[in-house]
Structure formats: C-alpha cells, structure tokens
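Try each task before you read its solution.

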Amino acid sequence: MTSDTPEVPDALARPFAEALAAGPVVLDGGMSNQLESAGHDLSDELWSARLLAERPEAITEAHLAYYEAGADVAITSSYQATFEGFAKRGIGRERAAELLALSVGLAQEATRQAQAKGVRRPLYVAASVGPYGAMLADGSEYRGRYGLSVAELEAFHRPRLEVLAAAGPDALALETIPDSDEAQALLRAVRGLGVPAWLSYSVAGDRTRAGQPLEEAFALAADVDEVIAVGVNCCVPEDVDNAIETAARVTGKPVVVYPNSGETWNAGARRWEGRSSFTSDEVMGWRASGARLIGGCCRVGPEAISGIAGAVR
C-alpha cells in the first residue's frame, strides 16, 4: 500500500462471518427483477446468465442499484449458469468457466463503484449456486426429485463451485434448493473450498418443495463448518416465520431469509401471477425472531430493499 492509497477502515474489511455475528445484514433483491425493469429480455433458458456473455455491464448496473438502495450483499448472476447449460448454447467449458468467474467479478466491480460513490459500509459478494432444476429451466427447481443420486448431483455441482470459489467471493449462496438430497450433495461439494456458504431451501409450509420436513432438511447442515447460515428463499413471505424458528433451533446457526414478493411463478406461461404480500412489518418481525441475513428474491426490487434496510438497521 502506498502513502497515496487511502486505508480501508477495519469495519469495511470485516469478513462475512464476522458481519453476520455483529448484527443484521441486508441482502439484495431479485436480479431478474432489476434487469427486466431496465428493459432486458430474460425469456431464455439461461435467464440472467445469458447477459454474462451479451451485456455484462447490465449486470454490474443491477448490482449497483441494490447497493445504492441499501443492500450489503450482492448475489451474483450465476444462479442458472452451469457448464451443461452453457454447452446447450454451444459454449465450451473454458469459456463457461470464464463466464462463471465473471459473474463474481461483475459484482465485485459494483462494490468498487458503490464505494467510489460514497457507500461507506461493508459490502459483500455471494456467488449464487442454484439447484440442478434451474439448469433444466422446466420448473423442476420448484419440485426437486430429479431422479438423480446424491453422488450424481454432487458431480454436477462440484465443478462450478470450484470455479466460483476460485473467483474470490465472500460467500457461496447455495440457494433455492428444493430437495434435501440435493442439499446433501451441495454440502459434500463445498467441503474444502475455503469459502463460507449459506444453505437456503425453497419451501412450501413446513416442508421442502420435495416434501421433506424442514427439521430434517436443516439438520443436514448443523455440523458442516463451511455453512455459516441456513434458511429459506424463493417462498411466500407467510412461510418464513416457522422456517426461522426451525432453522435456528435445529442448527444453532444464523438464519437467512429472502422470500419472493408473494406472487407465484407460472412455469407454463413463464410469468409471475398474483399480488405482492411482502411488508415491512413482516421484515421487522423476522429480525425480531432472530433472522440475521434478510433480503428479497423474485419480484423484490431496489425500493423494497431500501425498506428492508430501513427496517433492520
């Protein structure tokens, strides 16, 4: 460091796990929500991952919008980015690995831009790892039960986890997991990568989307040192309260929650339907119940994240 380089305050260099221990941390909202609001067409099997190759600057702009709205953590655009999915588009493994790493780099660039604009709080990047069903783009990410063994699912996830971890994110977001079998595969795959992770299920009531009791699903992560938080995302807000209590009781780890707005996804019509039921009162209740990592998923934009930041800080 030269004498001309400003020192980074200790609070801004705090590791992610320490930030969680210190108090509530605000996640961003839906990446697709922000990209679509900016006029980008995501009607593609690769979803937002398509823009990694075609419009990477749009992804940085989306991350920046959430940071400026009050988010502390940007979740990368790699949710639907896989070697297999890219291969369907004629993209080879070397280029696919570059795009996966780029998803982390774009979020890190948004962090730099936010700090250059005067954001003076710790900012973090979490590399998104979506479920196997996200690659299929047929709605099975909301069902699980793919007919694959735990070993086969681990073999699917491990290569991209290795690439994402090597890109230097602050955490790995194992998110929207519908099935405890897939969670078991992911928990095996993160061992030894040297990057902390959170595990977040997609749920319906008190069960995973595949129908397993949440108590059993959360218990899988209780003794995994790499996992620093557990919880739920991409569910209706009404399912959060029970999940917070169960996750905290079963694992003793910090709880992460980032539900959808309350609308539901119609996979056949490829659109969201219904009305939002996401309220600031619910957010304050989640914080009071012990959630430490709070944000929004599908259909939750920067305005809602600004409200969350105001409610939990």
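**Exercise 1.** How many aromatic pairs does the structure hold?

*Solution.* The model is predicted: local features need pLDDT of at least 70, side-chain atom pairs count only at pLDDT 80 or more, and totals for chains, interfaces and linings use all residues. Residues are numbered from 1 along each chain as its sequence is written, and side-chain values use heavy atoms, without hydrogens and water. Rings of Phe, Tyr and Trp (its six-membered ring) pair if their centres lie within 6.5 Å. The structure holds six such pairs.

**Exercise 2.** Classify the pair Trp198 and Tyr258 as stacked, tilted or edge-to-face.

*Solution.* Planes under 30 degrees apart count as stacked, over 60 as edge-to-face and the rest as tilted. Here the centres are 6.1 Å apart and the planes stand at 85°, so the pair is edge-to-face.

Strands are DSSP runs of E, at least two residues, numbered from the N terminus. Trp198 lies in strand E5 (residues 197-201) and Tyr258 in strand E9 (residues 255-258), so the pair ties together parts 60 residues apart in sequence.

**Exercise 3.** Are Trp198 and Tyr258 buried or exposed?

*Solution.* Buried means under 20% relative accessible area, exposed over 50%, partly exposed in between (1.4 Å probe, protein chains only). Trp198 has 0% relative accessibility, so Trp198 is buried. Tyr258 has 1%, so Tyr258 is buried.

**Exercise 4.** Which residues form one aromatic cluster with Trp198 and Tyr258?

*Solution.* Phe16 and Tyr124 form one cluster with Trp198 and Tyr258.

Notes: Helix = DSSP H or I, 4+ residues; strand = E, 2+ residues; numbered from the N terminus.
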